[in-house]
Amino acid sequence: MTDMLKRAESALARIHGSSVSQEVTYQRGGASVLLQATMGSTQMAQYDQGGVVIAFDSIDFLVQAADLVLNGGQVEPRRGDEILWRGNVYRVAADQQGDRPYRESGAEGTVLRIMTKRAR
């Protein structure tokens with residue numbers, strides 16, 4: 001049963017990736033990679049120095065984890081990395097300090113939902 005679900009998940013990822021995804025550039029320092037991503041959003045909140053909650057919507061980029069390769073090695077999204085899409089720069093960020101700026105999706109964590117804030 002697990003193998004059947006894994007094959008179905010892979011097939012859905014291929015179909016989804018070819019029909020609704022868009023090309024984005026993921027960069028860290030001087031390294032970059034072109035990825036196919038599907039966009040989503042997440043409501044996020046941060047506390048300012050006075051303890052006031054600031055709520056905002058995150059633009060999320062869903063990508064295949066295996067495709068996130070920089071300098072020859074697969075990496076995990078890191079706070080401060082950038083995604084270029086439609087002429088805008090989106091900075092990878094988590095809603096709370098110490099939280100990972102992404103969530104794994106799929107039965108085996110094959111898809112990463114990368115949370116970002118528009119930087120410019």
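The questions and answers below go through a predicted model of a protein.

The model is predicted, and local features need pLDDT of at least 70, side-chain atom pairs count only at pLDDT 80 or more, while totals for chains, interfaces and linings use all residues. Residues are numbered from 1 along each chain as its sequence is written, and side-chain values use heavy atoms, with hydrogens and water left out.

Student: How many helices and strands are there in the protein?
Tutor: Helices (H or I, at least four residues) and strands (E, at least two) are DSSP runs, numbered from the N terminus. Read along the sequence, the pattern is α-β-β-β-β-β-β-β-β-β. The count is therefore one helix and nine strands.

Student: What percentage of the 120 residues of the protein counts as buried?
Tutor: A residue is called buried under 20% relative accessible area, exposed over 50%, and partly exposed in between, with a 1.4 Å probe and protein chains only. Of the 120 residues of the protein, the part that counts as buried is 34%.

Student: Is Arg-86 buried or exposed?
Tutor: Arg-86 is found in the loop between strand S6 (82-85) and strand S7 (88-92), and Arg-86 has a positive phi of about 50 degrees although it is not a glycine. Because its relative accessible area is 61%, Arg-86 is exposed.
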